[in-house]
Amino acid sequence: MSGTQTAMLLFIVMTSTAILFIPGLTAVTAKQNAWLVSLGAGISSFGILIISAKLAQRFPGLTIAEYLPLIVGKIGGRVLAVSYILFFTVLNILVVRETSEFLTVSALIGTPGIPINLVFVLICWYSAQKGIEVIARMNQFILPLFLFAYLMACILAIPKADPSSLLPILEDGISPVIQNIWIPVQWYGEIAVLLMLIPLMNKPQEVLRKASYAVISAMLLLTFGSLVVLTVLGADVAGQMIFPIWFTAKTIEYGNYIQRVELLALPLWLTGIMVKSSLLFYVTILAVKQSVSRKYPKLIAASVMVIVFSGATFLVPNTMALLEFLTTYWPSVSLLFEVILPLLLLAITLIRKKKGGCMQ
């Protein structure tokens, strides 16, 4: 992959599902300052990017699944590698379940989640089997359409916006903003997928610069989306909705000529999420092959597919349980795998270098 292709993949990973959840989840407690939460989370994600890039650059040509044993030993490395496999798997389960919840609320009301999950998983799993180059090229075609659909929905809703809904700014100080940053950080932090992607780049030295463009673009897009939702729906209404951006798009109406814009945007949003799930399938299967076993690759791929489908279908009983998991439990898990562990691993490599230890 080129640096530009990598940046485009990182952008779709951070934004495709975040646009659905961040405005509503942050508005619950941050109210009219929810857009500042998204902005602050985007700024803080640069730290995650730097940690991931610096760690990967210590082991050129190797993924995190391959260099973990070089840092913490063979047994510890395998345990941590399996832990990252589980992290990527659960993340993909959440992506699939978030998608089916979105579809049953928006276009496929009343449709059981099982067929939606099955079709979605099969498409993404099949895409992953074609390799990272195919996923990257597919994203190059899909990303402009995804952006067009999202920006079209937001821009057309602006005439209904009431800027006074954002006032007073920081009425209760900066504390509510800081306390809620960790909720959107879980989406921004998914840029840590770089730990598996950097060795696949044709110019790994470009990763920090190219990925920075992705983070800045994602931060601007998600902050803009939060501003539109807050000014069109208001913080109280947005905080009560599961997918406020969808209901914001539903408010768009210009006479008898422009209506139901959300139905035009829906398939384009959906294709962006498919790219994200396909990439997660790919890195999960790759990590299993590199750290657990290279035998029976087809069986490994099929097993990952079955686990993701089963988890997305049966692990989370309902929508409210999903939202509670995303706001209460998953941010801590994300913080562990996206920030704390990479930071500790980087610290160990730096300490060993100062002591003259050999890392490879």
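Keep in mind that the model is predicted.

Let's start with how helices sit against one another. Two packed helices are described by the angle between their axes and by the distance between those axes. Those are the things to look for as we go along.

Take helix 4, residues 64–72, and helix 5. Their axes come within 7 Å and cross at roughly 145°. The crossing is right-handed. If you want to find the contact by eye, look for I64, A65, L68, P69 and V72 on the helix 4 side, which meet K74, G76, G77, L80, A81 and Y84 of helix 5. Sorted by class, this contact of helix 4 with helix 5 has eight nonpolar, two polar and one charged residues.

Now stay with helix 5, which covers residues 74–105, and follow it to another partner. Helix 15, residues 297–314, packs against helix 5 at an angle of about 55°, and the two axes are 8 Å apart. Helix 5 and helix 15 are therefore oblique to each other. Helix 5 passes helix 15 in a right-handed crossing. From helix 5 the residues taking part are T89, N92, I93, V96 and R97, and they meet I307, V308, G311, A312 and T313 in helix 15. The contact of helix 5 with helix 15 divides into five nonpolar residues, four polar and one charged.

The next pair is helix 6, residues 113–129, with helix 14, residues 261–291. Here the axes come within 8 Å and cross at roughly 55°. Because of that angle, helix 6 counts as oblique to helix 14. Helix 6 makes a right-handed crossing as it passes helix 14. On the helix 6 side you'll find F120, V121, I123, C124, W125, S127, A128 and Q129, which meet L270, I273, M274, S277, S278, F281, Y282 and I285 of helix 14. What classes of residue make up the contact of helix 6 with helix 14? Twelve are nonpolar, four are polar and no charged residues take part.

Let's turn to a couple of loops. Between helix 2 (18–30) and helix 3 (34–57) there is a loop that holds K31. This residue is worth a look, as phi of K31 is near 55°, a positive value in a residue other than glycine. A cis peptide bond joins L167 and P168, with omega at about -5°.

Finally, what about empty space inside? Rolling a probe the size of a water molecule over the atoms shows where such space is left. A search of the whole structure turns up two cavities of 30 Å³ or more.

The largest cavity has a volume of about 50 Å³. Its lining is made of W182, V185, Q186, P331, S334, L335, E338 and V339. Helix 9 (182–188) and helix 16 (319–354) each supply at least two residues of that lining. Which helix gives the most to the lining of the largest cavity? Helix 16 does, with five residues. By class, the lining of the largest cavity has five nonpolar, two polar and one charged residues.

The second largest cavity has a volume of about 40 Å³. Around this cavity you'll find V13, F87, F88, L91, G189, E190, A192, V193, L280 and E338. Helix 5 comes back into the picture here, as the largest share of the lining of the second largest cavity, three residues, comes from it. The residues of this second lining divide into seven nonpolar, one polar and two charged.

Methods
Residues are numbered from 1 along each chain as its sequence is written. This is a predicted model: local features need pLDDT of at least 70, side-chain atom pairs count only at pLDDT 80 or more; totals for chains, interfaces and linings use all residues. Side-chain values use heavy atoms; hydrogens and water are left out. Axes are lines fitted to C-alpha atoms, for helices over the stretch in contact, and angles run from 0 to 180 degrees between N-to-C directions. Helices (H or I, at least four residues) and strands (E, at least two) are DSSP runs, numbered from the N terminus. Angles under 35 degrees count as roughly parallel, over 145 as roughly antiparallel, 65 to 115 as roughly perpendicular and the rest as oblique. A crossing is left-handed if the near helix is turned anticlockwise from the far one by less than a right angle, and right-handed if clockwise. Contact means heavy atoms within 4.5 Å. Ala, Val, Leu, Ile, Met, Phe, Trp, Tyr, Cys and Pro count as nonpolar, Asp, Glu, Lys and Arg as charged, and the others, Gly among them, as polar. On a 1 Å grid over the protein atoms alone, a cavity is a set of points where a 1.4 Å probe fits but cannot get out, and a pocket is an open set with protein on both sides within 12 Å along at least five of seven lines; lining residues have an atom within 4 Å of a point. Grid points are joined across faces, edges and corners, and a volume is the space filled by probe spheres set on the points.
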